[in-house]
There are 2 protein chains.
Amino acid sequence: MATRLSDVAARAGVSVKTVSNVINDYPHITARTRAKVEAAIAELDYTPNVSARSLRKGRSDFIALAVPEMASPYFAELGAAISRAAKKRGITVLIDQTEGEAAAEKLVLDGMRGQLIDGIIFSPITTAPARITSADTAKPLVLLGERHPGGTFDHVAVDSVQASFDATMHLVSIGRRRIAAIGVGGGAGTGSVRRKGYRKALKAAGLALDPALEVGGPGYHREDGAASMRELLALPEPPDAVFCFNDLMAIGALRALTDAGLSAPKDVAVIGFDDIEDGRYHSPSLTTISADKEWLAENAVALLLDRIAGTGEADRRDLTVPYTLTIRESTGG
Amino acid sequence: MATRLSDVAARAGVSVKTVSNVINDYPHITARTRAKVEAAIAELDYTPNVSARSLRKGRSDFIALAVPEMASPYFAELGAAISRAAKKRGITVLIDQTEGEAAAEKLVLDGMRGQLIDGIIFSPITTAPARITSADTAKPLVLLGERHPGGTFDHVAVDSVQASFDATMHLVSIGRRRIAAIGVGGGAGTGSVRRKGYRKALKAAGLALDPALEVGGPGYHREDGAASMRELLALPEPPDAVFCFNDLMAIGALRALTDAGLSAPKDVAVIGFDDIEDGRYHSPSLTTISADKEWLAENAVALLLDRIAGTGEADRRDLTVPYTLTIRESTGG
DNA sequence: CTGAAAGCGCTTACAG
DNA sequence: CTGAAAGCGCTTACAG
């Protein structure tokens, strides 16, 4: 515990500079010296003090991931993927739950954690991405989620309009004509972007828009999906298909359907968005838009580290996450 | 960013000591001085450098939570609760995914993270809790999960034997006579402890033990539960009820049942353990053992902080998490 | 290649 | 109450 660099140096019979060189993998060290130092490190069970290193270097090799809630399956899976991607590069991820609170998101932007972290991967809910400018933060930042024109930050996101178009067209392709959307009032622009793709598809299919079929939001949880589905079923003319803007709401919608004595896809076909693990196990299993979370994690981390190292391109970068439409039982796959 | 304590002091016209006193809420500061300092802090948008503070004080107000995988719903929900509990006390939680790897768990015990963290809440999978001794770690540590006699650390856990007894007796109480257990080979002792409660209940109910009905492990995921259920259904004499040692396996088991054209609770009643959010939304909804995660989180954090502050009791403490049996559709509730 | 020394930004005895 | 100074454990010019 109290082992210091100088202890290692004394033990190995070299200067602290040499030990530091070995630890940081600098050149110009003979194999013999290196071996001697490494032996001393092992004998003393030495680990560098990251506070001291970070204070001196101005770099900690910590990055933060700020998400609305880590218990939400999508964010939990994403967090796990980002942690793994960072670990491969020697970086530790600190997960910050904003709980969608504006104050907590503001803290993130202010470069929270007292300058400990080197940069932030941020999935905003309350703060509109378009309103985030570089003036708000002192640290490199990569935004996740819907892309907004005019933003000033690097961005990694699915093409939500296109994906929503595809999801809706899938419902059209299986013969549905009265297609609802759940989650249109969702936070941080998700609802409006996905609705755009939904409406585009209806138009392309020659179907009329019906405001009564656009429901839900701002909540994006299971109970919100269930409530929205109940609302739709109470309509004089209920839908024969529903596009839920995330899987969590779709799972709630499936449950509401069951509770009403109906089933998917027979009475109402249901499609979600995110491809969370649990969707595969529900009965019926959930058709969904499956964005590549590993790809997203790898690229978000790489982009942020480029910025931190100062090796990123000068321009803002926008990366588009690949996705596929995964057809399962809830739409009759 | 480059604002330092001394800048604030200069701005406020006081010494750095006084600014430090204000920030750390020390006594003997006039309201006037405090106001002056706080104004300077606000004007300069100053945030203390945690690396410097941590280096000097030997305390960072960071704790680590080491879990097998943060994407697993139980650990995600637990992590969220622990983060919240810690935040209330001004503590930041760093989540570490060990992925059940012995090497990663070893790192945790070695007091990973270069002395940044003040203590660890550890949910081991690979390392047998009984084998963890204080000699292995330099930091205060609180263990989660099954309690083992002879351990040397503070512990917070459900009484798994009793809870498993209750779960099994519930199946008996609804008239089931051929009751299987899934997950008996589970890691870190969970499987054997829960099997103990299961067997005790069968005995109390006057039912014979059948080794063919004790399956599963070491995997505790949805697919493992599904595979175990298929195995049980292939038996010459399949069970009429199954106690799954966690909800994730129970969800897989439900799915396997559906795939076989059977249903719960009619053909096979199913009960889980953990009460993860998703279990409420499956069809049928899942009967389960519901441990109080908020209670667990609050107490684990409080216990750890007591140790860190040196105010904990001298003896090792064992806290038992309250739980309830939550009856839902999968056992005919 | 190595050594001696400064300094990152705090906190904390120590004097006043 | 305040000020001047040391020191936490590193890294990094600077001389050799």
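This is a predicted model: local features need pLDDT of at least 70, side-chain atom pairs count only at pLDDT 80 or more; totals for chains, interfaces and linings use all residues.

Chain A is built from 11 helices and 12 strands. Of its 333 residues, 54% count as buried. Looking at contacts in chain A between residues at least 6 apart in sequence, 70% of them join residues at least 24 apart.

**Around the DNA**

DNA strand D has 23 residues around it, and those that come nearest are A:Arg56, B:Ser15, B:His28, B:Thr30 and B:Arg56.

| Residue | Protein atom | Atom of DNA strand D | Distance |
|---|---|---|---|
| A:Ala52 | polar backbone atom | base nitrogen | 3.3 Å |
| B:Ser15 | backbone N or O atom | phosphate oxygen | 2.6 Å |
| B:Arg56 | polar side-chain atom | base nitrogen | 3.3 Å |

Which elements give two or more residues to the surface near DNA strand D? In chain A they are helix H2 (16-23) and helix H4 (50-57), and in chain B they are likewise helix H2 (16-23) and helix H4 (50-57). H4(A) provides the largest share, with four residues.

**Helix H3 of chain A**

Now move to helix H3 of chain A, residues 31-44. This helix has 14 residues and runs 20 Å from its first C-alpha to its last, close to the 20 Å expected at 1.5 Å a residue. Its buried residues are A:Thr33, A:Val37, A:Ala40 and A:Ile41. They sit on the same side of H3(A), because they cover an arc of only 100 degrees around the axis.

What do the buried residues of H3(A) pack against? Their partners are helix H1 (5-12) and H2 of chain A. The face turned away from the buried side carries the exposed residues A:Ala31, A:Arg32 and A:Ala42. H3(A) is followed by A:Asp45, which has a positive phi near 55 degrees.

**Helix H8 of chain B**

Over in chain B, helix H8 covers residues 190-204. Quite a list of residues is buried in H8(B): B:Thr190, B:Gly191, B:Val193, B:Arg194, B:Gly197, B:Tyr198, B:Ala201 and B:Leu202. What covers them includes helix H7 (160-173) along with strands E6 (179-182), E7 (214-215) and E8 (241-244) of chain B. Just after H8(B) comes B:Gly206, with a positive phi of about 75 degrees.

**One serine in chain A**

Last stop: A:Ser164, in helix H7 (residues 160-173) of chain A. Is A:Ser164 buried or exposed? Its relative accessible area is 0%, so A:Ser164 is buried. A polar atom of its side chain lies 2.7 Å from the backbone oxygen of A:Ser160. Leaving out residues up to four places away in sequence, A:Ser164 touches A:Arg194, A:Gly197, A:Tyr198, A:Phe243 and A:Phe273.

Note on methods:
Residues are numbered from 1 along each chain as its sequence is written. Chains are lettered from A and ligands numbered from 1 in the order in which they are written. Side-chain values use heavy atoms; hydrogens and water are left out. A residue is near a molecule or strand if one of its heavy atoms lies within 4 Å of it. A polar contact is a pair of N or O atoms within 3.5 Å; within protein, one must be able to donate a hydrogen and the other to accept it, and residues adjacent in sequence count only if both atoms are side-chain atoms. The expected span of a helix is 1.5 Å times one less than its number of residues. Buried means under 20% relative accessible area, exposed over 50%, partly exposed in between (1.4 Å probe, protein chains only). Contact means heavy atoms within 4.5 Å. The arc is that of the directions from the helix axis to the C-beta atoms.
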